[in-house]
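The sequence and the structure are shown first.

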Amino acid sequence: MQERHPPFLWREPEPRAAYEAIVVGGGGHGLATAYYLAKRHGMTDVAVLERGWLGGGNMGRNTTIIRSNYLWDESAAIYEHSLCLWEGLEEELDYDILLSQRGVLNLAHNLSDVREGVRRVNANRLNGVDAEWLDAAGVKEVCPIIDTSAEARYPVLGGTYQPRGGIAKHDHVAWGYARAADALGVDIIQGCEVTDVLVEDGAVTGVETSRGRIRAPRVALAAAGHSSVLAAVAGIALPVQSHPLQALVSELLEQVLPCVVMSNAVHVYVSQAHKGELVMGAGIDAYNGYGQRGAVHVIEHQMAAALELFPIFSRAHVLRTWAGIVDVTPDASPIVGLTPVDGLFVNCGWGTGGFKGTPGSGWVYAHTIANGEPHPLNAAFSLERFETGALIDEHGAAAVAH
Ligand SMILES: Cc1cc2nc3c(=O)[nH]c(=O)nc-3n(C[C@H](O)[C@H](O)[C@H](O)COP(=O)(O)OP(=O)(O)OC[C@H]3O[C@@H](n4cnc5c(N)ncnc54)[C@H](O)[C@@H]3O)c2cc1C
């Protein structure tokens, strides 16, 4: 049992010359991976190398929506596994992550939305995912402040509802995993940029970093928006495009929004944080980019969309906006598995929706790294699927709605 109030959350060790495994990227996925490597596979000679500060990437910038109601069997399996891990995570990490399973509503505004939604609810139920179809009156009951009147520009015809979906406090999740991994012996090294991946005779031997060369027979990339850049230095072309993705918060308001609401057609997703800010996400900025900022017109469009649904928000003020760099694949599904280089592993492509996948991703990635082969839950999410054509098209379930 860890102390309730330790003097630090994790140590600040100097990088050693060699490790059994290196995880590149101190976001949620990298930290969860390191934790499960140590906890479940007994691999504690592990370093997490983070070029900036821990959680300064997408992990600390997302809108924290958690759900598992994806369409295809492979996706439902991995995201539902993740949701089950979320449900036990506070206890597992002995850290308050403020998980709030307040329900996630995904609105339908036209016949095509309705068909896609009903199909997904049916698919979810077959996969044991809690999913319901609500008509417009049911939507109003779950979320009274949505404008469901006939005058609405995009009338609400109904929606999918996942009661176990919700939000969690993203920075707490990063800190919780970091503290627990550190306590098991993992070195978390901030301010350490990986600049090259060392490969000899087709096998990885380590990395070059801004703080010197570090050897390791296993190197696991978990660099989200920088994945394709890093893989390229090892000679691997990932089918990943990096885009800015923006979000914003309002000032603190009384609690008015009881659940998470998303709308692909109107193009907004919104929840209300524990403290009271309205947290809203936008669609991606269309161009490729590596800056953690985006264009103003995207935010303007996003706020206009929010007001379509929630006229009550018209008097709220925007407090701040920001962006992360999301790694988007052609089928809107992640890549977690082996690469053509022995000992080099890749975990990327979670795009606009990988926060919810954090525990599940770390779990299966750690298995893959420890055993040198994928876990059954991530076998289908291989890099080869872009050659074989066995894509897992989640554009409907992913879309703007994270
Ligand atoms: C605005 C926004 C809203 C989002 N909303 C949601 C949501 O509601 N629900 C949801 O499920 N998902 C959401 N996401 C997506 C989610 O945040 C990401 O899919 C997920 O965080 C990616 O995994 P990560 O946490 O490991 O990434 P990151 O936190 O980005 O971690 C990657 C780390 O790698 C580091 N790195 C990069 N290159 C190097 C290098 N060369 N050397 C060392 N370190 C390196 C980076 O500095 C970074 O810290 C959102 C994303 C954004 C930007």
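## Cysteines and burial

Cys143 has a relative accessibility of 0% and therefore counts as buried, a term for residues under 20% relative accessible area, with exposed meaning over 50% and partly exposed in between (1.4 Å probe, protein chains only). The model is predicted, so local features need pLDDT of at least 70 and side-chain atom pairs count only at pLDDT 80 or more, while totals for chains, interfaces and linings use all residues. Residues are numbered from 1 along each chain as its sequence is written, and side-chain values use heavy atoms, with hydrogens and water left out.

A search of the whole structure finds zero disulfides, a disulfide being a pair of cysteine sulfur atoms within 2.5 Å. Cys143 is accordingly in no disulfide, and the nearest cysteine sulfur, that of Cys259, is 4.3 Å away. Cys192 also counts as buried, at 1% relative accessibility.

## Helix packing

Two packed helices are described by the angle between their axes and the distance between the axes. Axes here are lines fitted to C-alpha atoms, for helices over the stretch in contact, and angles run from 0 to 180 degrees between N-to-C directions. Helices (H or I, at least four residues) and strands (E, at least two) are DSSP runs, numbered from the N terminus. The helix pairs are set out below.

| Helix pair | Axis angle | Axis distance |
|---|---|---|
| Helix 2 (residues 73-87) and helix 9 (residues 358-371) | about 110° | 7 Å apart |
| Helix 1 (residues 28-41) and helix 9 | roughly 55° | within 7 Å |
| Helix 1 and helix 6 (residues 170-183) | roughly 30° | within 9 Å |

Angles under 35 degrees count as roughly parallel, over 145 as roughly antiparallel, 65 to 115 as roughly perpendicular and the rest as oblique. Helix 1 is therefore roughly parallel to helix 6, and helix 1 passes helix 6 in a left-handed crossing. A crossing is left-handed if the near helix is turned anticlockwise from the far one by less than a right angle, and right-handed if clockwise. On the helix 1 side, Leu31, Ala32, Ala34, Tyr35 and Tyr36 make the contact, and on the helix 6 side Ala174, Tyr177, Ala178, Ala180 and Ala181 do so; contact means heavy atoms within 4.5 Å. By class, these residues are 10 nonpolar, no polar and no charged. In this scheme Ala, Val, Leu, Ile, Met, Phe, Trp, Tyr, Cys and Pro count as nonpolar, Asp, Glu, Lys and Arg as charged, and the others, Gly among them, as polar.

Helix 1 and helix 9 are oblique to each other, and their crossing is right-handed. Helix 1 contributes residues including Gly28, His29, Ala32 and Tyr36 to this contact, while helix 9 contributes residues including Thr358, Pro359, Trp363 and Ala366. The contact of helix 1 with helix 9 divides into nine nonpolar, nine polar and one charged residue.

Helix 2 and helix 9 are roughly perpendicular to each other. Ile78, His81, Ser82, Leu85 and Trp86 of helix 2 meet Thr358, Pro359, Gly360, Trp363 and Val364 of helix 9. That contact comprises six nonpolar, four polar and no charged residues.

## Individual residues

His29 is found in helix 1 and counts as buried, at 13% relative accessibility. Apart from its neighbours within four places in sequence, His29 is in contact with Ala222, Asn347, Trp350, Gly354, Gly357, Thr358, Ser361 and Gly362. His29 and His274 are 245 residues apart in sequence and 24 Å apart in space, C-alpha to C-alpha.

His375 lies in the loop between helix 9 and helix 10 (385-388). With a relative accessible area of 17%, His375 is buried. Not counting residues up to four places away in sequence, His375 touches Trp363, Val364, His367 and Thr368.

Val104 lies in strand 4 (residues 104-108) and is buried, at 1% relative accessibility. Beyond four places in sequence, the contacts of Val104 include Ile65, Ile66, Tyr161, Val260 and Met262.

## Backbone geometry

Most residues other than glycine have a negative phi, and most peptide bonds are trans. Leu98 has a positive phi, near 55°; Leu98 is located in the loop between helix 3 (89-93) and strand 4 and is partly exposed, with a relative accessible area of 25%. Ala332 has a positive phi near 60° and lies in the loop between strand 17 (318-328) and strand 18 (335-338).
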